[in-house]
Amino acid sequence: QVQLVESGGGLVQPGGSLRLSCAASGIIFSGYTMGWYRQAPGKQRELVATITAGDRTNYADSVKGRFTISRDNTRSTVSLQMNSLKPADTAVYYCNAQIQFGTTMHYWGQGTQVTVSS
């Protein structure tokens, strides 16, 4: 069975940093594009960052230059280093694994809360 488990969320002050991690099991990790998405209260879930099996990354404009996504295929983990956090970053952050077999298949973690507040 496929399982994605996020960790590292919490409460931080504006300008602070957090590092989120996601541990994957039940998939051939190195073959998947991994990503982080987030959903704020009353808002639609949005893409934050992705990293492909070939280590190509892309970021939402709102986080570019502040967040860094990385993966460790040996440990089957993907991380999101978040710096210079803003109140607008407050959301539940979800780990995502995706692969294309004619159509794109997605797996999701249960999410971890990030709150940025003074």
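These legends walk through several close-up views of one predicted model.

A few notes apply to every view. Because the model is predicted, local features need pLDDT of at least 70 and side-chain atom pairs count only at pLDDT 80 or more, while totals for chains, interfaces and linings use all residues. Residues are numbered from 1 along each chain as its sequence is written, and side-chain values use heavy atoms, with hydrogens and water left out.

View 1. Let's start with the overall picture: the protein chain has 11 strands and zero helices. Here helices (H or I, at least four residues) and strands (E, at least two) are DSSP runs, numbered from the N terminus. The radius of gyration is 14 Å, close to the 13 Å that the globule rule gives for 118 residues, so the protein chain is as compact as a globular protein of that length. That radius is taken over C-alpha atoms, and the globule rule is 2.2 Å times the number of residues to the power 0.38. Along its principal axes, the C-alpha trace spans about 45 × 25 × 25 Å. Of the 118 residues, 41% are buried. Buried means under 20% relative accessible area, exposed means over 50%, and partly exposed lies in between (1.4 Å probe, protein chains only). Among contacts between residues at least 6 apart in sequence, 54% join residues at least 24 apart, where contact means heavy atoms within 4.5 Å.

**View 2. Four strands form an open sheet in the order 1-3-8-7.** The pairing in this sheet is antiparallel; two strands pair if DSSP finds at least two bridges between them. Strand 1 and strand 7 stand at the edges, each with a single partner strand, so one side of each is left without a neighbour in the sheet. Neighbouring strands are turned by 15° against each other on average, direction ignored. For such angles, axes are lines fitted to C-alpha atoms, for helices over the stretch in contact, and angles run from 0 to 180 degrees between N-to-C directions. Strand 7 and strand 8 pair over six bridges, and one place to look is Thr68, whose bridge partner in strand 8 is Gln81.

**View 3. Strand 1 shows two faces.** Along strand 1 (residues 3-7), Leu4 and Glu6 point to one face and are buried. Strand 1 pairs with strand 3 in the antiparallel sense over five bridges, and Val5 stands opposite Ala23 in strand 3.

**View 4. One disulfide joins Cys22 to Cys95.** The sulfur atoms are 2.1 Å apart; a disulfide is a pair of cysteine sulfur atoms within 2.5 Å. The torsion about the S-S bond is about -80°, so this disulfide is left-handed. Cys22 lies in strand 3 (residues 18-25) and Cys95 in strand 9, so the pair ties together parts that are 73 residues apart in sequence. Both partners are buried, with relative accessibility of 1% for Cys22 and 0% for Cys95.

**View 5. Asp89 and Arg66 meet in a buried salt bridge.** A salt bridge is a side-chain nitrogen of Lys or Arg within 4 Å of a carboxyl oxygen of Asp or Glu, and five are found in the whole structure. For Asp89 and Arg66 the distance is 2.8 Å, N to O. Asp89 lies in the loop between strand 8 and strand 9 (91-101), and Arg66 in the loop between strand 6 and strand 7, so the pair ties together parts that are 23 residues apart in sequence. The relative accessible area is 2% for Asp89 and 12% for Arg66.

**View 6. Lys64 and Asp61 form an exposed salt bridge.** Their side chains meet at 3.7 Å, N to O. Relative accessible area is 53% for Lys64 and 69% for Asp61.

**View 7. Asp72 and Arg75 meet in a salt bridge.** The distance is 2.8 Å, N to O. Asp72 is partly exposed at 24%, whereas Arg75 is exposed at 61%. Salt bridges that share partners also join Arg38, Glu46, Arg66 and Asp89 into one network.
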